[in-house]
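Please look through the structure below before reading on.

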Amino acid sequence: MTAIDSALQPAHDTAHGHHAKPSGITRWLFATNHKDIGSLYLWFAFSMFIFGGVLALCIRAELFRPGLQFWQPELFNQFTTLHGLIMVFGAIMPAFTGLANWMLPLMIGAPDMAFARMNNWSFWLLPPAALLLLISFAVPGGAAAAGWTLYAPLSTQMGMGMDLTIFAIHIMGVSSIMGSINIIVTILNLRAPGMTMMKMPMFAWASLITAYLIIAVMPVLAGVVTMVLTDRHFGTHFFNAAGGGDPVLYQHIFWFFGHPEVYIMALPAFGIVSHIIPTFSRKPLFGYTSMVYATSSIAILSFMVWAHHMFTTGMPATAQLFFMYATMLIAVPTGVKVFNWIGTMWQGSMSFETPMLFAIGFICLFTVGGLSGVTLSIAAIDIQLQDTYYVVAHFHYVLVAGALFSLFAAVYYWFPKMTGRMYSESWGKFHFWWSLLWFNVTFFPMHFLGLAGMPRRIPDYNMQFTDFNTLASVGAFCFGLGQLIFFANMLHSLRHGKPAAARPWEGADTLEWQIATPAPYHSFVEAPDLEVGENGRIDAMHGGKHH
Amino acid sequence: MDKPPATLHDNRLLLLKLLLLACVMFVFAWGLIPVYDALCRLTGLGSLQRPDEVGSQRLAATPLAPVLLTFDATVQPGLPWQVRPLTRTLRAVPGEFVRVDYEITNASNRQVVGQAIPRYLPAAAAEYVKKLDCFCFAQQAFAPGETRRFPVVFVVDKNVPAGLDSITLAYTVFDVPGRS
Ligand code: HEM
Ligand SMILES: [Cu+2]
């Protein structure tokens, strides 16, 4: 058997009968169990979140007041670049993949992910990539400083930090493609009998569509950074005007990846919220089928709007109009989703545990981010606002209050199932209200800064912007502090939390809540027979073995 | 459910298809280069590939009739300025660079800041006088009694209507209050 062949072999072979949980470092290094790999992903994502967060605080410290306090502009630019890259590729995306690893097999009644050893590979590629980004700060010329978008010609000129970054992107791309293949095959081929596509839970749908998006666009990103690499070292001129190339071409290819990428970070969040809102409203999800179609149409539309990032590149007016209207069109399926979540809560008997708080916070703040997004889609306005702090405010509303809040909601929601213990509800609620307050203190003023004309990616600014920047910096540090509360709560509850019931949430009705808590190390080694309602509601379960 | 459970073979087949999709998308990224190139040619957007037409246009153009230019200056009563064009009139072919100098004196014994405002006669001529440099672009500070010369550099647009054969350029200089 070749190496590839054995990598594709499911590690979990029921014929062996007896499964000691491996222990020590090898349990993690050679992990093939989807729960172990899920945990690895989540821990990795959290540490990257802290790393990226520290970089964000380095940025906010410098912007506390005008003038240069701490860093030279070159270093400052490295911070913004690495902050963006690490949050996107190191924190948010791996966190969703980790959750999918943990929860998908439990939700659809599969014994594990389809390709357990490939799963191990997809995770273990990530730490080396992160390491490359980290050490790039120490090489001559420092880390990449062209912004997370790595626009040419900046990126074709910088020092070897850029090469390390490109290499890291290649590795992370391979990792996420392998992870996505695993998710797709698991969902399409390993569902338990009775778990049909149009019945399966929204998180499975969201993960499936996201995985397709990843497979479709990560190779495009890999392609475009490879062109940068050959421009840098092999004498090509893809983006070099002097050699007949065109730097605007870089932007077209990059954003062909870039806009679907923002939905890669948003769709799984939609999926998570579509579990939590019904659970704590004690009502089925309103408009399940329309949710599935809305998610799919968002994914398809996301390929047709990339040039809304390029309104100032001198596009013809007809192209500007096309991309403007196409972008606005995405607000329709997104609006359907928000409507359905509200419809789910309508007349529900709601309770407000921490996951629900984060989910409702998500809906409110994501909608704010959506509104500023529609504002930016208007070409005439975008020409004024592009590359100002208004854009920074916009995408942090959808990424921090969107993706990140949904991840907090998910971790609180599934914590009992993963660990067998309850987290501290009062600290959880405190974490929510604290984050909500300081998030808004940090990012709301950035709208005003942007409207007043403050450019993004600068270490120094005009005196007139001082007050709002000081406010934003205070907010950022308090927000950061609040995440330590989350960390402490998780660590403490992992050991000392109250033992959790198999179904700690009264309204939770998907498959993962039908099995013991904590979830058995090998769950569903024999597929159960299911009677399933919409959004994965389990009406009856027969059989299904774990050990 | 009637569908038989997926076999290892099914899983691998799907894996291969997905891998293929990833490879196709990688190639697609490179395929965008010729597509982009073709689109730019088609729409005429690719200014890089367009031959430099400016020089050839100039060669091809038939010589235009010269325009009579007159330079003038006025000062409102009570203000400390003396403004004098060093050239009164000249003839210039549209498209030709013209440089004339103005001399401005602060006739008072205090420090003053002035702003020159241009005026064109006929007013319709304004859009055909393309200024490259002018003292009217900025406020000018003068020490008591100081005299300075300033250049005005401009081109008369080649699209100037045939009937417009005489243009007067006049300046008025004002005090900028509160700035001295
Ligand atoms: C935890 C709190 C966070 C704070 C205080 C914060 C703050 C900032 C600041 C100050 C900038 C630089 C703006 C500029 O100068 O242009 C920035 C950029 C950025 N942030 Fe965050 N951020 C946070 C979390 C996140 C998260 C969770 C993401 C998720 C993906 C994210 C994604 C980005 C991106 C993509 C950029 C653009 C980088 C670039 O300009 O190339 N941020 N952030
Ligand atoms: Cu976009």
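This is a predicted model.

Are His308(A) and His309(A) buried or partly exposed? His308(A) has a relative accessibility of 12%. Buried means under 20%, so His308(A) counts as buried. His309(A) reaches 23% relative accessibility and therefore counts as partly exposed.

Next come the helices of chain A. Helix H4 of chain A covers residues 73-108, and helix H7 of chain A covers residues 160-189. How do H4(A) and H7(A) lie relative to each other? Their axes come within 11 Å and cross at roughly 15°. Angles under 35 degrees count as roughly parallel, so H4(A) and H7(A) are roughly parallel to each other. The crossing of H4(A) and H7(A) is left-handed.

The residues that meet can be found on both helices. On H4(A) they are Leu85(A), Phe89(A), Met93(A), Thr97(A), Ala100(A), Leu104(A) and Ile108(A). On H7(A) they are Thr165(A), Ile169(A), Met172(A), Ser176(A), Ile183(A), Thr186(A) and Ile187(A). By class, the contact of H4(A) with H7(A) has ten nonpolar and four polar residues, and no charged ones.

H4(A) also meets helix H9 of chain A, which covers residues 247-264. The axes of H4(A) and H9(A) come within 11 Å and cross at roughly 50°. That angle makes H4(A) oblique to H9(A). In this contact, H4(A) supplies Val88(A), Phe89(A), Met93(A) and Phe96(A), and H9(A) supplies Phe257(A), Glu261(A) and Ile264(A). Six residues of the contact of H4(A) with H9(A) are nonpolar, none is polar and one is charged. Phe89(A) and Met93(A) are listed in the contact with H7(A) and also in the contact with H9(A).

Finally, turn to chain B. What elements does chain B have? Chain B has two helices and nine strands. From the N terminus on, the order of these elements is α-α-β-β-β-β-β-β-β-β-β. Of the 180 residues in chain B, 34% are buried. Among the contacts in chain B with a separation of 6 or more, 71% are between residues 24 or more positions apart.

Terms used:
Residues are numbered from 1 along each chain as its sequence is written. Chains are lettered from A and ligands numbered from 1 in the order in which they are written. This is a predicted model: local features need pLDDT of at least 70, side-chain atom pairs count only at pLDDT 80 or more; totals for chains, interfaces and linings use all residues. Side-chain values use heavy atoms; hydrogens and water are left out. Buried means under 20% relative accessible area, exposed over 50%, partly exposed in between (1.4 Å probe, protein chains only). Axes are lines fitted to C-alpha atoms, for helices over the stretch in contact, and angles run from 0 to 180 degrees between N-to-C directions. Helices (H or I, at least four residues) and strands (E, at least two) are DSSP runs, numbered from the N terminus. Angles under 35 degrees count as roughly parallel, over 145 as roughly antiparallel, 65 to 115 as roughly perpendicular and the rest as oblique. A crossing is left-handed if the near helix is turned anticlockwise from the far one by less than a right angle, and right-handed if clockwise. Contact means heavy atoms within 4.5 Å. Ala, Val, Leu, Ile, Met, Phe, Trp, Tyr, Cys and Pro count as nonpolar, Asp, Glu, Lys and Arg as charged, and the others, Gly among them, as polar.
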